Amino acid sequence: MHSKTNCGMSRLISLLIITAAISFAYSSNAPAQDILDCTGVGGVEDVDGNCTLSSVYACGDDTIVNISGDFIITGTGGIQCGDVVGQAGFDLTINVPGDMTVDGEINSGGGAGAAGTTGNPGEPGFDGGIISVNVDGSVTVNDALDAHGGPGGPGGPGTEGGNGASGAIGGAGGQINVVGGAFLLSATGLLEVDGGPGGSGGAGSTSAGDGGPGAAGGMAGIVDVFSCLTTIEGDISAIGGAGGSGGAGGIGGAGGINGSGGNGGTVAVSSGKDLTLAATASLLAAGGNEGSVGVGTPNGDDVGVGGNGGTITTNQCPDFALVDNGAFISVAEGLVGGVAGTVTNLDNGPCCPCQIQITKTVALDDNCDGVADGPFLESVDQDEGQCVVYQICVENTAANGINLPQTLLDVLVDDTHLGISLAPFGDIAPGDQVCQFVTSDIPADNCTDDPDACVCEEVQGMNTAVVSNADCAATADDACLEAGSDCDDTANVGCVGCSVDIQKTVALDDNCDGVADGPFVDSVTQDEGECVVYQICVANTGDQDLDASGVEVNDATLGVVNLDFGTIASGAEPVCQVIPVDASASACTTDPDSCECTEVEGTNTAEVTAAVCTDTGANACDSAGSNCDDTAEVDCLTCSVDIDKTVALDDNCDGTADGPFVDSVEQATGECVIYQICVTNTGEQNLNTAGVQVSDADLGVVNLNFGTLVPDETQCREIPTDASASACTTDPDACVCTEVEGVNTAVITAAVCEETETDACDFAASDCDDTAEVACAGEGCLTRTPGYWGNHPEVTVEFLPVTSCGIVIDTFDEVVQDLCVNAKDAFNNDLPRQQASLIRQCTAAMLNLSATEFFGGDCNSALPVPDSFIQVNGSVLERIEFCCEELCASDPTKSEIVASGCIEDLDRFNNFSNPDDPLDPLSLCPNEDLGTEPPCKADPEQCKDANGDGIINPRP
């Protein structure tokens, strides 16, 4: 199985040593032969059609795996289609209608080319295959999808007196195509289409035979990923194969030429919504390095070049944002001579449209048998006492083309006038339409005279069918909020007679601007401090005009008196007015343009107070077919949340607090702390049925789930005891002080009010972030020898100036003169040889103290005394001050220096080593704090030039 490495610096090193191929010619394998189901690949299928593969299946030519539900490849399972010597990787297509999880490797790598025998070239590496994954649901890859090219075979050695044979070209990387509703390449996941390395040349015969030429590395392949929600946390690798090395020449024979690196491949990552490239992700399409020339007489010619970098394209649907949290992206050229590739970020990629259309029509049902006796229309007139039948159709209108339209999930429909609530229309695929009849398919609670039909008077007037739920399958968005959707439609029924109907509904007005921020319904729950808006609609449901002087409506609770709706003609559209936009409500005093929730909380009623039938002069409200009052209900609930982050000492690093949890602690550098994060629901609504979540970027805690919190409930988690902290790497059960030092913040990232579906953090009563502070006491002592400081100029200059023996040293040339001395230098400066040695030790000691201070250490507390200093029992700093200031700067005699023991003491200090000291194993190059980066090479030539040149930094 494939093993994946993911560490920052090794990623860059790998980039420099892996090369790309100079050409790519993929040849498909034989035509498809096998169409396998779950059991055909050795999987176990449950009653729901879900397939679990726990063993490794060896596939053949163009094997196609068809699964009827979810497909799970466990860590012990996998699909092996490649890495067969002498054979290209087989093509593999996986079609899954549900979700797919890959915890075991899928391999379609090309096999290695055979090595050449004596006098014969190696065989070319074989190409990787094509892995195609087509999943309707989500795809999660925690292991590897591997379609690399195979290595080219090395050339055979030369025959007696003959030249070595040439190596063979590496195989080309294959292709990985992933299409899904959602795609996650986790931090342990890998998509690899690297080219195979070129084969090395064979060695020449020992009798002056020339080494064989190395071959070119194979070209990297193609990775193409598209899903509606694409998240990359792991690695995508399309790196060209390395060029082969030239073969060694025989005695007197020339070395072989080197092979060129292969070109980087193509990586395309697209998302129908937000594209997330996490900090742990890497997208690599680098060129490969040229091979090394063969050793001989002379060495081989350097004719190979590095491969060119490939192409990386990140693409997303317009209007969505690329989320790049520090992913490593490289199209670097191979060494030496390649050309860097291109990285393009686009926002014109395919989308995942989600659209819905509802259509409501009505037909005559003259004999009340529930069967339509005429066409379905938007409006019909029926005789009193006879019936109508409704048809409600819901269509998934998402378009195809380059896009990936989403299925509509759990479609529900309401029709308050008919008495229909949450009528199920099921899941609807793109382009499909589901139609149901009222009352034969959907019962209508308001049709009571006959269970199989709706008498005209029961349903007369204009009424509306509303989509109350329709979830987009991939993005979980509300389809009704998507552009192009239409989630309500009306049908009108007129009955001969005189009747009137009033409908009062209410909608959320979250920003209190008088405009509804949701559908008008009979009842809403709103957050305290926010608003609602009412809609009162009056419909003439009879065959006579209503009230030449104007239909009037009162609403005592809102303070609406004789609101005039005008004359309403028979068959006219309902007349609607919005409160308080079209008419003021005296109950709403905070703002005349809005109604704050607490001002109108509860059930209140709108009532028709005047509706006179024009022809008969009767009161329309006296008709059995009339509905002259209607209610709307408003419930107000607070919603708020509070977070509290504290920290405690954990002296023995066992994950248990050794003191109280407080806002700030100070801990020894090598010891630990433990954090406690508590979240309290301070409102009146349950918080987040999916779980309240908290992140802490400094600790590396992402979306820590605190579960659903009921009002007044507090839940606490300890870090790293209850949840791991990626920032704490020394011990998974403890956080060493220096790993978390400073002020860091815990932030509530998800806290949804269950009733109102608002973000609790949007309210002033909420406190959604809190800090805890950790200070680490200085500890440790950094010591390096005089030879180290003299040979590492790029490190040494970071700790200048220092004062040694009374002289301020602020250039590296001065350091070299002090550290690289010998007897000749001392003689030419009229100094005793011992003083020259003391100058050398003092300069190194002062550099060690400067470096220790830079990294927050303290040599007095870190080094044992008197074990480390043999002459006196004073502190380290006192001894260095005596030797390097009082004694060294006073031009002492040889005997004084020897008697003092300073040279021995300082030499012991500069060579002190303690692996348990925090600073002792610290690397100074590379070092992020110093800004030193590879190559970190010593420069001993400067010391060699200064040693014996007769110069020492002048002493007082």
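The S-S torsion of Cys480 and Cys487 is about -100 degrees, so this disulfide (a pair of cysteine sulfur atoms within 2.5 Å) is left-handed. Keep in mind that this is a predicted model: local features need pLDDT of at least 70, side-chain atom pairs count only at pLDDT 80 or more, and totals for chains, interfaces and linings use all residues. Residues are numbered from 1 along each chain as its sequence is written, and side-chain values use heavy atoms, with hydrogens and water left out.

**Disulfides**
- The structure holds 21 disulfides.
- Cys480 and Cys487 sit S to S at 1.9 Å; Cys480 is partly exposed at 22% relative accessible area, while Cys487 is buried at 11% (buried is under 20%, exposed over 50%, partly exposed in between, with a 1.4 Å probe and protein chains only).
- Cys653 bonds to Cys672, S to S 1.9 Å, and the torsion here is about 95 degrees, so that one is right-handed.
- Cys653 is in the loop between β42 (641–650) and β43 (664–668), and Cys672 is in strand β44 (residues 672–681), 19 residues apart (strands are DSSP E runs of at least two residues, numbered from the N terminus).
- Cys653 counts as partly exposed at 22%, whereas Cys672 is buried at 1%.
- Cys59 and Cys81 form another disulfide, and both are buried.

**An open sheet**
- Five strands line up as β34-β41-β40-β36-β37 in an open sheet with mixed pairing (two strands pair if DSSP finds at least two bridges between them).
- Its edge strands, β34 (523–527) and β37 (560–568), each pair on one side only.
- β36 (546–555) and β40 (602–610) run antiparallel over 3 bridges, with Ala610 in β40 as the bridge partner of Glu552.

Notes. Helix = DSSP H or I, 4+ residues; strand = E, 2+ residues; numbered from the N terminus.
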